[in-house]
Structure formats: C-alpha cells, structure tokens
Amino acid sequence: MNALQRLKSKCSMEMKRYAVMCPDGTEFEYWATPLTILQRSRAEKIAGPKADEVDHAIHIFIAKAKEEDGSPMFTVADFQELRRDIPAEVLSRLMVQLVSPDMDEDDEEQPDPKLSSNNLKKTKD
C-alpha cells in the first residue's frame, strides 16, 4: 500500500451528525462528510469572485448539510434566505462545525467578527 492509500485509509469520509442549539432551546441537526479542498473550491466558485468569507462559508454549508439519509437540506436558492433570516450566531456555529469539526461549541471562544450581524451585507427583501 502506497502512502496515499495509507493516508486515505486513516481518514474516514463517512457522514457524521452535527447539531447546534437554537435560540428557542431546541437542537438543529444535520449530517455531513468531512470537507475536502475540492468541495471548498467548488463552493467558492459558486459563491463568485466578489464573495467574501461569509458567503463562501454559507455556500460550503449549503453544499455539505444533509439529511440523515444523505439528501440535501438546502439548495443555492436558499442562500439569501439563510443570510437574511437566520441569526448570525446560529449560522456561524453551523459553518464553524464544517470547517473545524473537532472544535466543540464549548471550545469556541468568540464568534468570528466577520460573521456578526453588523458585518453581514444587507439584502433587499
């Protein structure tokens, strides 16, 4: 077995359950496989050349979040609504789980200021 095969055998690409607590006290759960560089690049391409880091992260979340059966939870058409209607703190925790899956919610020191509601672009309703 060559080095690449050994490395791949040590990295599980199976779906894993993720969950965040919502403001109403309930848990929102979704499933995802580990993020690959190719998947990140595809999400950034979909976001477009003028997209910022928040837009990239939302597109990664849209692409990766699945139901337990593997079916997509969101589509690109949900992008503006996610930005507009979901509190920044919740969306931030969802996105951080995908890019830093080993970080527990308790480990999170402060939300990324780029993801605060004051820094999100305003959209027309």
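Q: Which residues does histidine 56 touch, not counting residues up to four places away in sequence?

A: Histidine 56 touches Ala43, Glu44, Ala47, Gly48 and Ala51, where a contact means heavy atoms within 4.5 Å. This is a predicted model, in which local features need pLDDT of at least 70 and side-chain atom pairs count only at pLDDT 80 or more, while totals for chains, interfaces and linings use all residues. Residues are numbered from 1 along each chain as its sequence is written, and side-chain values use heavy atoms, with hydrogens and water left out.

Q: What makes cysteine 11 and cysteine 22 partly exposed?

A: Cysteine 11 has a relative accessible area of 41%, so it is partly exposed. Cysteine 22, with a relative accessible area of 22%, is therefore partly exposed as well.

Q: How many disulfides does the structure hold?

A: The structure holds zero disulfides, a disulfide being a pair of cysteine sulfur atoms within 2.5 Å.

Q: Where is histidine 56 found, and how does the span of helix H3 compare with the expected one?

A: Histidine 56 is found in helix H3, which covers residues 53-64; helices (H or I, at least four residues) and strands (E, at least two) are DSSP runs, numbered from the N terminus. The expected span of a helix is 1.5 Å times one less than its number of residues, and H3, with twelve residues, reaches 16 Å from its first C-alpha to its last, close to the 16 Å expected.

Q: What makes H3 mostly covered, and what covers its buried residues?

A: Ten of the twelve residues of H3 are buried, among them Val54, Ile58 and Phe61. The cover of these buried residues includes strand S2 (27-32), helix H2 (37-47), helix H4 (79-85) and helix H5 (88-99).

Q: Which residue caps the N-terminal end of H3?

A: Aspartate 52 caps that end, with a side-chain oxygen 3.1 Å from the backbone nitrogen of valine 54.

Q: How many helices and strands does the chain have, and what share of its residues count as buried?

A: The chain has five helices and two strands, and from the N terminus on its elements run α-β-β-α-α-α-α. Of its 125 residues, 29% count as buried.

Conventions:
Buried means under 20% relative accessible area, exposed over 50%, partly exposed in between (1.4 Å probe, protein chains only). A polar contact is a pair of N or O atoms within 3.5 Å; within protein, one must be able to donate a hydrogen and the other to accept it, and residues adjacent in sequence count only if both atoms are side-chain atoms.
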